[in-house]
Amino acid sequence: IPLTCQIRGNTMTKTSGHIDWFILLSVVGLMLFSVAFVYSASSSFSMVKFGSSEKLFWNHALRVLIGLVAIILFARIDYHHWEKFTTPILILAFCCLIYVLVSGARINGAARWIHFGFINFQPSEFVKFALVLHISALAAAAKDYISDFRTGMLPLLLWIVIGCGLVAAQPNLSTASVIFLITAIIMFVANAPLKKLSLIAAGGFVLAAIYAVSAPYRLKRILAFTGYGKGTTSEVVNYQLQQAILAFGNGGIFGVGPGQSLQRDFFLPESYGDFVFAVVGEEYGFIGVLLILTAFGIILWRGINVAKKAPDLFGRLLAVGITVTLALYAFINAGVTCGILPTTGLPMPFISYGGSSVFFSAAAVGTLLNISAQAGVYPNKTK
């Protein structure tokens, strides 16, 4: 996809104009294969719930199509145009979070969705990338005094605390914690002092730990992961992990074959959502799991490469933020499904069923591709 790259007020000395094909092909491959994954993982549930085994399949296929369009659209928008609108974009995202807390749909006791007719919108997915965009812009603007806590770091932290606090109040501690980690990485890349960041991270960890044990169900979930949990919540968590591990065990090296999963048939909760990776492991085996993780590894590798070659600091920080977000979500979801990490509600990017995650992740990838198209495009005075 050739792109025309232009930075107002400067003359270019070198033009690239082509996106990173490694990233594009990896993401498109994951999205297209996810249609088959979700169809297999959801067919039994869809038949019982809607009377058709293809209901969730067509829903996801439509979302994938919209996601592909979003990649193309955002890849053609110069990422510099977003820099002037980061504040209103983030405020809009915060308003969506506040609205969902006040009158949003509650599912399993959590207020995380807004209903627009037949569309369910999850604001936390919007906030995640809006914060990445805004913190990247602020950190780039404060590059000369980012080491000063009061004038450089504190304004960024205020936005981060507000965003993470609103997400945690849904309640969604896992997403809030990952967002905090992602924004801290952006600040580190922007040359914020490591000592100050470490103290901030330690304070954030303490607050997250206190919040985690403040609700009985979260405490039981943590205890269940450590093997000391008892009670209904712990039994449900352990049951999910046991069924996921059984799925991986059934799959072996080469898998039982597409559409042949046994665990999807009402044994594995969220088989087409947060735990779809286990169904992939059962049907496609270790080889299928390895290919998916390799695809995310390629996205991480090439995304960091895009950041290194970005034409300015804003592009560099934004590329890091987008890349780290996708990679963290993928590897955390894989770790949870395999029982390496405590159970969270984080989806597998591009693969798990869910419109908000697919759309915003696709839009972020399109922006990353636009940055890659401008790699090597430098103003005369400033690299």
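This is a predicted model: local features need pLDDT of at least 70, side-chain atom pairs count only at pLDDT 80 or more; totals for chains, interfaces and linings use all residues.
1. Setting aside its neighbours within four places in sequence, serine 174 is in contact with Thr344, Gly345 and Leu346. The residue is found in helix H7, which spans residues 173–189.

2. On the chain as a whole, the secondary structure consists of 13 helices and 3 strands. Of the contacts in the chain with a separation of 6 or more, 74% are between residues 24 or more positions apart.

3. Turning to helix packing, two packed helices are described by the angle between their axes and the distance between the axes. For helix H4 (residues 86–103) and helix H5 (residues 123–141), the axes come within 9 Å and cross at roughly 150°. Because angles over 145 degrees count as roughly antiparallel, H4 is described as roughly antiparallel to H5, and the crossing of the pair is left-handed.

4. The contact between these two helices is made on the H4 side by Thr86, Thr87, Ile89, Leu90, Leu92, Ala93, Phe94, Cys96, Leu97 and Val100, and on the H5 side by Pro123, Ser124, Phe126, Val127, Ala130, Leu131, Leu133, His134 and Ala137. Sorted by class, the contact of H4 with H5 comprises 15 nonpolar and 4 polar residues, with no charged residues.

5. Helix H5 also packs with helix H12 (residues 313–337), at an angle of about 150° and with the axes 8 Å apart. H5 and H12 are therefore roughly antiparallel to each other, and H5 passes H12 in a right-handed crossing.

6. In this second contact, H5 contributes Glu125, Lys128, Phe129, Val132, Leu133, Ser136, Ala137, Ala139 and Ala140, whereas H12 contributes Leu313, Phe314, Leu317, Leu318, Gly321, Ile322, Thr325, Leu326 and Tyr329. The residues of the contact of H5 with H12 divide into 13 nonpolar, 3 polar and 2 charged. Leu133 and Ala137 of H5 are listed in the contact with H4 and are listed again in the contact with H12.

Conventions:
Residues are numbered from 1 along each chain as its sequence is written. Side-chain values use heavy atoms; hydrogens and water are left out. Helices (H or I, at least four residues) and strands (E, at least two) are DSSP runs, numbered from the N terminus. Contact means heavy atoms within 4.5 Å. Axes are lines fitted to C-alpha atoms, for helices over the stretch in contact, and angles run from 0 to 180 degrees between N-to-C directions. Angles under 35 degrees count as roughly parallel, over 145 as roughly antiparallel, 65 to 115 as roughly perpendicular and the rest as oblique. A crossing is left-handed if the near helix is turned anticlockwise from the far one by less than a right angle, and right-handed if clockwise. Ala, Val, Leu, Ile, Met, Phe, Trp, Tyr, Cys and Pro count as nonpolar, Asp, Glu, Lys and Arg as charged, and the others, Gly among them, as polar.
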